[in-house]
Amino acid sequence: MGIEKEHKYLVINDEYKEMATDRLKIRQGYLNRNPDRTVRIRIIGQRGYLTVKGINQGDKRLEYEYEIPEKEAQEILNLAEPGIVEKTRYLIPYKGHVWEVDEFHGSLEGCVIAEVELAENEKEYEIPPFIGKNITGDPKYYNSNLKV
């Protein structure tokens, strides 16, 4: 994958639910929450993923993601640091981009965050009607920092 460039926003209403073309259940945990190099294990449906991310530099960072067998992902998830994140992800196509809206569950119930991944040189894009405050680069809202 290499460089990831994404912008994150708080969500102000639930219009995204009607606009969504898909909905995914996600469970994820962290083997390392060090902001210089997070290591995440994630299960989406029947698929597992191992992801390594570098330090955020504004809206960019290094990211490498590998699909792994779901059974192995579950075994690795059992080794994760305390605080498994559970969420529902809604995929919303909007004006040339696919927005991802994450509705968190459990102790994070009520937290809803949207993100859009951009081409490295892209600066302008249209904002959907459910988008609120821009939280890009705010460590408080990194999944690895959310207190589960």
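Which residue in E5 is the bridge partner of Val52? I looked this up to start the notebook, and Tyr64 is the partner of Val52 in E5.

**Ground rules.** I am working with a predicted model, where local features need pLDDT of at least 70, side-chain atom pairs count only at pLDDT 80 or more, and totals for chains, interfaces and linings use all residues. Residues are numbered from 1 along each chain as its sequence is written, and side-chain values use heavy atoms, with hydrogens and water left out.

**Strands.** I took strands as DSSP runs (E, at least two residues), numbered from the N terminus, and called two strands paired if DSSP finds at least two bridges between them. Strand E4 (residues 47-54) pairs with E5 antiparallel over six bridges. The two form a hairpin with five residues between them, and Gly58 in the turn has a positive phi of about 70 degrees. I then checked E1 (residues 2-11): four bridges join it to E5 (residues 60-68), again antiparallel. Gly2 stands opposite Glu63 in E5.

**A loop residue.** I found Lys95 in the loop between strand E6 (85-94) and strand E7 (97-104). Lys95 is not a glycine, yet has a positive phi of about 50 degrees. Most residues other than glycine have a negative phi. Lys95 is exposed, with a relative accessible area of 53%; exposed means over 50% (1.4 Å probe, protein chains only).

Conventions
Buried means under 20% relative accessible area, exposed over 50%, partly exposed in between (1.4 Å probe, protein chains only).
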